[in-house]
Amino acid sequence: MPIALNDASTAASKRLMEAFAGSDPDAVEAALVAFQQSVADDLAVQYKEAVAAGDRAVLAQRGFRELTSTETKFYQRLIEAGKSPNPQQAFTSLTGDPAVPDEMLPTTVIDQVLKDLEEEHPLLGAINMTNTGMVVRWLRNKHTRQLASWGTLESVITKEITSAFEVVDIKQGKLSCFAVISIDMLELGPTFLDAYLRRCLMEAMACGLEDGVINGKGIGGEPVGLMKKVSGTVNTTTGYPAKTAESVTEFTPATYGALVGKLVKDSDGRTKTGNVLKSLSLIVNTEDYLTKVMPATTLLNTAGSYVNDLFPLATKVYESAFVPAGKAVLCLLDEYDLFVGGNRGIQYSDEFKFLDDQRVFKVVQYAFGQAKDESSAIVLDISKLDSAYITVKAKTDAAAGSGD
């Protein structure tokens with residue numbers, strides 16, 4: 001389970017997410033360093049308290065994992081390299097041969113990071129996230145309908161089956177983050193270092209992945225976001241074209257049903273099979289949720305209590321700082337695939353200059369994602385979304401007296 005953070009670290013995590021959602025790289029760097037320092041202080045206190053208790057169960061309860069022999073070996077070598085008077089040379093030796101698994105960040109660490117991501121970031125937990133390990137190309141089924149059909153074995157069937165699969169190049173997307181580790185932190189050992197790096201990696205990946213899932217351009221290492229046209233012509237500068245937002249002023253059954261109806265057929269006009277609406281979701285930023293979506297989906301019941309998120313169809317709402325103001329994404333989240341794998345391990349970085357007793361490490365992870373179909377998501381313009389109200393249908397006088 002993820003290690004619970006104190007209030008200061010939680011606040012720093014929120015500021016980090018907000019910085020990533022902005023456009024100021026200096027603000028992102030400052031927020032990342034502040035978050036990592038807060039987490040380091042927080043986890044150091046928790047780790048020392050757990051160790052002082054002298055019980056491994058206490059460590060486990062707080063989220064500190066019992067490491068495998070491969071993980072322990074990796075972190076011990078990482079600590080040795082970090083303590084070296086020449087860390088640049090030490091890290092060249094540590095990660096110089098990507099073909100040697102022990103010299104990479106163990107896949108079990110990435111597995112745990114992804115598991116923590118799904119627990120603490122519900123939006124990322126709702127999509128199809130797959131750890132591909134060292135595999136950097138993945139074959140996936142593009143369609144959500146059955147491929148089998150009755151009839152004679154003809155070339156058209158073979159052609160349909162062949163066209164139903166596509167190869168996803170995971171290596172084209174690269175996600176990087178930095179971790180600042182002090183010499184004092186190295187003294188706490190592999191278990192602490194694992195917890196610290198996993199937390200830093202998880203938060204940085206969460207910001208990068210969530211932004212990519214929603215806004216990714218599909219070029220420059222970014223995923224293809226839900227707000228982009230998957231089948232659009234790719235511009236080498238701006239990437240995939242943005243979807244045109246559909247203006248919506250109310251969430252009445254007729255209006256909402258028509259919007260959701262655009263998600264139940266694929267790009268070829270064929271009705272998707274199975275429980276298509278099981279992952280029906282609406283993604284919106286927090287301010288717009290509070291000022292637009294919440295008023296449009298909240299009513300006062302007969303017991304005098306307000307009931308929230310009353311959509312005509314069961315819809316899960318996800319708040320994300322990465323959705324632009326006045327917009328929302330209505331989508332089927334289980335139709336978005338995110339592939340994570342092929343990590344390049346931890347590398348020493350001299351791109352940032354800090355005090356002599358600190359080491360700056362760079363973690364590089366390959367990831368790529370895109371929706372299975374153009375119809376997996378539509379973008380809504382909710383800038384003029386009206387509040388919910390109870391509609392009363394009254395008969396006219398003539399109709400009321402027709403039975404006299």
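**Burial, cores and salt bridges in a predicted model**

Modeller: Buried residues (under 20% relative accessible area, with exposed over 50% and partly exposed in between, using a 1.4 Å probe and protein chains only) make up 47% of the 404 residues in the protein. This is a predicted model, in which local features need pLDDT of at least 70, side-chain atom pairs count only at pLDDT 80 or more, and totals for chains, interfaces and linings use all residues. Residues are numbered from 1 along each chain as its sequence is written, and side-chain values use heavy atoms, with hydrogens and water left out.

Colleague: What makes a set of residues the largest nonpolar core, and which residues have the most contacts inside it?

Modeller: A nonpolar core is a set of buried Ala, Val, Leu, Ile, Met, Phe, Trp, Tyr and Cys residues joined through side-chain atoms within 4.5 Å. The largest such core has 74 residues, and those with the most contacts inside it are Tyr-75, Leu-117, Tyr-196, Met-205, Leu-226 and Ile-283. Helix α10 (residues 190–215) supplies the largest share of this core, 15 residues; helices (H or I, at least four residues) and strands (E, at least two) are DSSP runs, numbered from the N terminus. A second, separate core of 22 residues includes Ala-296, Val-317, Leu-332 and Ile-382.

Colleague: Which residues is Ile-283 in contact with, leaving aside its neighbours within four places in sequence?

Modeller: Contact means heavy atoms within 4.5 Å. With those neighbours left aside, the partners of Ile-283 include Leu-123, Ile-214, Leu-226, Tyr-318 and Val-323.

Colleague: Why is the pairing of Lys-262 and Glu-246 called a salt bridge?

Modeller: The term requires a side-chain nitrogen of Lys or Arg within 4 Å of a carboxyl oxygen of Asp or Glu. The N to O value for Lys-262 and Glu-246 is 2.5 Å, so the pair qualifies. Lys-262 lies in the loop between α11 (253–261) and β6 (280–284) and Glu-246 in strand β5 (residues 246–247), so the pair ties together parts that are 16 residues apart in sequence.

Colleague: Why does Lys-262 count as partly exposed, and why does Glu-246?

Modeller: Lys-262 has 42% relative accessibility and Glu-246 has 24%. Each value falls between the buried and exposed limits, so both residues are classed as partly exposed.
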